[in-house]
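User: I would like to work through this model with you, one question at a time. Please state the cut-offs behind each term when it comes up.

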Amino acid sequence: MDDWSIKELAAYAHLRWSIEQFHKEAKQVLALDQFEGRSWKGWHHHVTMVLLTYAFVAAERAAHGAAARPPPFPKVARTLVYEMATQIAESEGLELLQAQEVGEAMVKGLTDW
């Protein structure tokens, strides 16, 4: 690090800030710190869903401007569950219409939100 320029150090500092903002937002908005399970598999599933949700929110912000308000979490969760269920069902050999029905059934399980 002794041979880094001021410009490189500033870029590094800004990178750290964006990572800290991600952690803050993931905990406050997307419930990264709300996992109460006891298995590594469950933890990895939880973190995967949080990261996918964050990626979706980031893409929405990029499409609608940085100041755009993110969509409500239940809407994001429903969209992600539908898309993932549909893709998994299709990869398992179901026709598109059947895969979409699986996705809709999975989303119906989220109606308690």
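Analyst: Buried means under 20% relative accessible area, exposed means over 50%, and partly exposed lies in between (1.4 Å probe, protein chains only). This is a predicted model, in which local features need pLDDT of at least 70, side-chain atom pairs count only at pLDDT 80 or more, and totals for chains, interfaces and linings use all residues. Residues are numbered from 1 along each chain as its sequence is written, and side-chain values use heavy atoms, with hydrogens and water left out.

User: In what order do the elements of the protein chain run from the N terminus?

Analyst: Helices (H or I, at least four residues) and strands (E, at least two) are DSSP runs, numbered from the N terminus. The protein chain has 4 helices and 0 strands. Read from the N terminus, the order is therefore α-α-α-α.

User: Is F22 buried or exposed?

Analyst: F22 lies in helix α1. Its relative accessible area is 17%, and the limit for the buried class is under 20%. F22 is therefore buried.

User: Which kind of aromatic pair do F22 and Y54 form?

Analyst: Rings of Phe, Tyr and Trp (its six-membered ring) pair if their centres lie within 6.5 Å, and planes under 30 degrees apart count as stacked, over 60 as edge-to-face and the rest as tilted. A search of the whole structure finds 2 aromatic pairs. In the pair of F22 and Y54, the ring centres are 4.6 Å apart and the planes stand at 80°, so the pair is edge-to-face.

User: Which helices hold F22 and Y54?

Analyst: The two residues are 32 residues apart in sequence, and their pair ties together the parts in which they lie. Y54 is partly exposed, with a relative accessible area of 21%. F22 belongs to helix α1, and Y54 to helix α2 (residues 40-64).

User: What is the angle between the planes of F35 and W43?

Analyst: F35 and W43 form an aromatic pair with a centre-to-centre distance of 5.7 Å. F35 is partly exposed at 26% relative accessibility, and W43 is partly exposed at 30%. The pair is edge-to-face, with an angle between the planes of 65°.

User: How far is the backbone oxygen of M49 from a polar atom of the side chain of T53?

Analyst: T53 is located in helix α2, and at 4% relative accessibility T53 counts as buried. A polar atom of the T53 side chain and the backbone oxygen of M49 are separated by 2.7 Å.

User: Which residues is A89 in contact with, leaving aside its neighbours within four places in sequence?

Analyst: A89 lies in helix α3 (residues 73-91), and at 7% relative accessibility A89 is buried. The C-alpha atoms of A89 and E101 are 9.5 Å apart, although 12 residues separate the two along the chain. With contact meaning heavy atoms within 4.5 Å, and with those neighbours left aside, the partners of A89 are L94, A99 and V102.

User: How far apart are E104 and T86 in space, C-alpha to C-alpha?

Analyst: E104 is in helix α4 (residues 96-108) and is partly exposed, with a relative accessible area of 44%. Along the sequence, E104 and T86 are 18 residues apart. In space, their C-alpha to C-alpha distance is 8.5 Å.

User: What percentage of the 113 residues in the protein chain is buried?

Analyst: The protein chain exposes about 8,800 Å², of which carbon and sulfur atoms supply 59%, with accessible areas taken from the Shrake-Rupley method with a 1.4 Å probe, where for residues only the protein chains shown count as cover. Of the 113 residues in the protein chain, the buried share is 19%.

Technical notes:
Polar contact = N/O pair within 3.5 Å; in protein donor to acceptor, adjacent residues only side chain to side chain.
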